[in-house]
Amino acid sequence: QVQLVESGGGLVQAGGSLRLSCAASGSIFRFIVMGWYRQAPGKERELVATITIDGSTNYADSVKGRFTVSRDNAKNTVYLQMNTLKPEDTAVYYCNAGSTAGSMGTSRSSWGQGTQVTVSS
């Protein structure tokens, strides 16, 4: 079982930037798709961004143009660069990895423990 550990969360003012990292304990080549979800208080967990093993990306409309997802297979790490942050981006951000596209976001995929991102107005 691969362990995913997120880091890089914190408190930032609106308009600021943060970069989240997700380090896997083993090779991420087995994961066809990796990405990030987030969950704000009182809301359901939602997809933020995904990236496939060949580098194809997908973003939620709410973060397009502001967030960039990337992966470094040599370092077994996935990143989420978040720019122009807004208070509504405040949430716990979770790293997710799936061996198939259909497993993303489900109990059949691997999840990190989450990292808190708080954006103040």
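Which residue in β6 is the bridge partner of isoleucine 51? The partner is threonine 57. This is a predicted model, in which local features need pLDDT of at least 70, side-chain atom pairs count only at pLDDT 80 or more, and totals for chains, interfaces and linings use all residues. Residues are numbered from 1 along each chain as its sequence is written, and side-chain values use heavy atoms, leaving out hydrogens and water.

Start with the strands. Helices (H or I, at least four residues) and strands (E, at least two) are DSSP runs, numbered from the N terminus. Two strands pair if DSSP finds at least two bridges between them. Strand β5 covers residues 46-52. Five of its seven residues are buried, where buried means under 20% relative accessible area, exposed over 50%, and partly exposed in between (1.4 Å probe, protein chains only). Strands β4 and β5 run antiparallel and are joined by six bridges. Their hairpin has six residues between the strands, and glycine 42 there takes a positive phi near 75 degrees. Strand β6 (residues 57-59) also runs antiparallel to β5, with three bridges joining them. The hairpin of β5 and β6 has four residues between the strands. Here glycine 55 takes a positive phi near 95 degrees.

Now follow arginine 38. It stands opposite glutamate 46 in β5. Arginine 38 and glutamate 46 also form a salt bridge, with the closest N and O atoms 2.7 Å apart. A salt bridge is a side-chain nitrogen of Lys or Arg within 4 Å of a carboxyl oxygen of Asp or Glu. Arginine 38 is buried, at 6% relative accessibility. Glutamate 46 is partly exposed, at 34%. Arginine 38 forms a salt bridge with aspartate 89 as well, and here the closest N and O atoms are 3.0 Å apart. Arginine 38 lies in β4 and aspartate 89 in the loop between β8 (77-82) and β9, so the pair ties together parts 51 residues apart in sequence. Aspartate 89 is buried, at 1% relative accessibility. Salt bridges link Arg38, Glu46, Arg66 and Asp89 in a network.

The whole structure holds four salt bridges. One of them joins aspartate 61 to lysine 64, with the closest N and O atoms 3.1 Å apart. Aspartate 61 is exposed, at 64% relative accessible area. Lysine 64 is partly exposed, at 49%.

Turn to the rings. There are two aromatic pairs. Rings of Phe, Tyr and Trp (its six-membered ring) pair if their centres lie within 6.5 Å; planes under 30 degrees apart count as stacked, over 60 as edge-to-face and the rest as tilted. Why is the pair of tyrosine 94 and tryptophan 111 edge-to-face? The ring centres are 6.4 Å apart and the planes stand at 85 degrees, so the pair is edge-to-face. Tyrosine 94 is in strand β9 (residues 91-98) and tryptophan 111 in strand β10 (residues 110-111), 17 residues apart. Tyrosine 94 is buried, at 14% relative accessibility. Tryptophan 111 is partly exposed, at 26%. Ring pairs link Tyr37, Tyr94 and Trp111 into a cluster.

Arginine 45 lies over the face of tyrosine 94, 3.9 Å from the ring centre. Its charged end also sits over the ring of tryptophan 111, 4.5 Å from the centre. A charge sits over a ring if NZ of Lys or CZ of Arg is within 6 Å of the ring centre and within 35 degrees of the ring normal.
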